[in-house]
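Subject: Structure for you to look at

Hello,

Here is the structure we talked about handing over. My notes follow it.

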Amino acid sequence: MNAGLKYALAFALAAGAGHVGTIVAAPFAIMHVVTGKMSQDRTAINRFVFGERVTQNSRNVVRPSPDLAYSSCVYDLSEGPLLVTAPPSPDNGYVSLSVFDARTDNIAVFDSSQFPQGIRFVLAREGQAVAGGDPVVRTSHDTGVILDRRLAPTAARFAAVDKARRMNSCAPL
């Protein structure tokens with residue numbers, strides 16, 4: 001085999017390995033940065049953090065909607081499953097909880113049209129024992145983020161929604 005072909009083959013193998021490595025590693029790296037910011041440098045784990053009302057200067061969430069109130073829970077299941085609860089918003093306003101795993105994959109979505117009385121589920125790692133009758137969301141990773149979004153288009157509505165969302169819970173069973 002001539003030297004040029006050897007270099008071309010080595011380059012192709014290195015590029016392929018780099019590409020696969022990036023595709024596999026990038027989601028974990030992105031989520032590590034995001035969870036660090038959302039959890040206030042990892043001091044707020046397994047509890048909700050509540051965002052301020054969105055303005056034109058807000059950028060904690062990429063292109064946040066000024067009509068929504070955002071809350072997040074960075075979770076860690078290494079010590080066991082969590083019970084996640086979110087009461088309804090006043091006047092049956094829209095609520096959506098999305099669960100993202102350590103790879104940035106959206107693994108579950110619950111909303112107030114499905115659960116008008118409030119959202120309640122258990123989040124557990126695959127293989128962790130869970131008792132009770134609540135819906136169970138399983139993940140293959142210990143860490144990730146739960147994002148709560150609630151419709152709050154006005155300052156008065158935001159204040160009412162803020163009271164409701166502060167009763168959210170993301171805590172060990």
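Predicted model: local features only at pLDDT ≥ 70, side-chain atom pairs only at ≥ 80, totals over all residues.

Salt bridges around D162

D162 pairs with R166 in a salt bridge whose closest N and O atoms are 3.0 Å apart. R166 is partly exposed, with a relative accessible area of 44%. A network of salt bridges links D162, R165 and R166.

Other salt bridges

How many salt bridges does the structure hold? There are seven. One of them joins the side chains of D91 and R157, at 3.7 Å from N to O. This pair ties together distant parts of the chain: D91 sits in the loop between strand 3 and strand 4, R157 belongs to helix 2 (residues 155-165), and 66 residues separate them. Are the two partners buried or exposed? D91 is exposed, at 72% relative accessible area, while R157 counts as buried, at 18%.

The side chains of R150 and D148 also meet in a salt bridge, with an N to O distance of 3.1 Å. Here both R150 and D148 are buried.

N168, beside that pair

D148 has another polar partner: its side chain and that of N168 are joined by a polar contact of 2.6 Å. N168 is located in the loop between helix 2 and strand 9 (169-172). With a relative accessible area of 9%, N168 is buried. Leaving out residues up to four places away in sequence, N168 touches F48, S71, T85, A86, P87, D148 and R150. Both members of the R150 and D148 salt bridge are therefore among the contacts of N168, a residue that is itself buried.

The nonpolar core

The largest nonpolar core has 19 residues, and L97, F121, L123 and I146 are those with the most contacts inside it. Which strands each supply at least two residues of this core? They are strand 1, strand 2 (68-76), strand 3 (82-86), strand 4 (95-101), strand 5 (106-111) and strand 6 (119-125).

Apart from residues up to four places away in sequence, L97 touches V84, A86, A108, V109, F110, I119, F121, I146, L147 and D148. That list includes F121 and I146, two of the residues named above for their contacts inside the core. It also includes D148, whose side chain forms the salt bridge with R150.

L147 and L97 are 50 residues apart in sequence, yet their C-alpha atoms are 5.5 Å apart in space. With residues up to four places away again left out, L147 touches Y70, S71, S72, S96, L97, S98 and F100.

The loop between helix 1 and strand 1

N46 is found in the loop between helix 1 (3-38) and strand 1 (48-50). It has a positive phi of about 60 degrees, although it is not a glycine. Is N46 buried or exposed? It is buried, with a relative accessible area of 17%. A polar atom of the N46 side chain lies 2.8 Å from the backbone nitrogen of D76. Beyond four places in sequence, N46 touches C73, V74, Y75, D76, L82, C170 and A171.

R42 is found in the loop between helix 1 and strand 1 as well. It too has a positive phi without being a glycine, in this case about 65 degrees. R42 counts as partly exposed, at 36% relative accessibility, whereas N46 is buried.

A patch on the surface

Finally, M1, L5, L9 and L13 form a nonpolar patch on the surface, with about 450 Å² of accessible area together. L5 has its place in helix 1. With a relative accessible area of 48%, L5 is partly exposed.

Regards

Key. Residues numbered from 1 in each chain as written. Heavy atoms only, no water. Helix = DSSP H or I, 4+ residues; strand = E, 2+ residues; numbered from the N terminus. Buried < 20%, exposed > 50% of the residue type's maximum accessible area, 1.4 Å probe, protein only. Polar contact = N/O pair within 3.5 Å; in protein donor to acceptor, adjacent residues only side chain to side chain. Contact = heavy atoms within 4.5 Å. Core = buried A, V, L, I, M, F, W, Y, C linked by side-chain atoms within 4.5 Å. Patch = residues over 30% accessible without salt bridge, like charges linked within 9 Å, V, L, I, M, F, W, Y side chains within 5 Å. Areas by Shrake-Rupley, 256 points an atom, 1.4 Å probe, with all protein chains shown as cover. Salt bridge = Lys/Arg side-chain N within 4 Å of Asp/Glu carboxyl O.
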